[in-house]
Amino acid sequence: MNYLKRDTLNPEGENIRLFELSAYSRMKYIEFMVEERKSLPEDGLSPDENFKMATLLATRDQAMIVALSLSEADGEERDGKDIFPEIMRNYPPGLLGSAALLVRMLSGMIPPVSNTPEQP
């Protein structure tokens, strides 16, 4: 039985079912991000190198959170780390960002995005 929240993205008419991260997946996500940050150079990078490193880190972060979400599907036997390369190869940056945002909202990591303007 799966108690996790879920939602669907519909890029190009396809359906991608994404899930809230379980406690286990959230722990794996945090471990991944800590290790990713450990691999960063301490300092002395040029602005271009800083930009490159930040972009790579953000892309890997988004891909891992999406991979972990997809690993939560009923019947999915692959671990998030095994789905990660597939996500990196097949998701364009815009879709990756949208999917990661949805997973974060489902997981309570950020508040839901509202399209209605706030009243003063």
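Buried means under 20% relative accessible area, exposed means over 50%, and partly exposed lies in between (1.4 Å probe, protein chains only). The model is predicted, so local features need pLDDT of at least 70 and side-chain atom pairs count only at pLDDT 80 or more, while totals for chains, interfaces and linings use all residues. Residues are numbered from 1 along each chain as its sequence is written, and side-chain values use heavy atoms, with hydrogens and water left out.

**Exercise 1.** Describe the salt bridge of lysine 28 and the exposure of both partners.

Step 1. The side chain of lysine 28 meets that of glutamate 31 at 3.5 Å, N to O, a salt bridge being a side-chain nitrogen of Lys or Arg within 4 Å of a carboxyl oxygen of Asp or Glu.

Step 2. Both residues belong to helix α1 (residues 23-38), where they are three residues apart, about one turn of the helix; helices are DSSP runs of H or I with at least four residues, numbered from the N terminus.

Step 3. Glutamate 31 counts as partly exposed because its relative accessibility is 39%, and lysine 28, with 28%, is also partly exposed.

**Exercise 2.** Determine which parts the salt bridge between glutamate 36 and arginine 60 ties together.

Step 1. The side chains of glutamate 36 and arginine 60 meet at 2.7 Å, N to O.

Step 2. Glutamate 36 lies in helix α1 and arginine 60 in helix α2 (residues 47-70), so the pair ties together parts that are 24 residues apart in sequence.

Step 3. Glutamate 36 is buried because its relative accessibility is 13%, whereas arginine 60, at 27%, is partly exposed.

Key:
Helix = DSSP H or I, 4+ residues; strand = E, 2+ residues; numbered from the N terminus.
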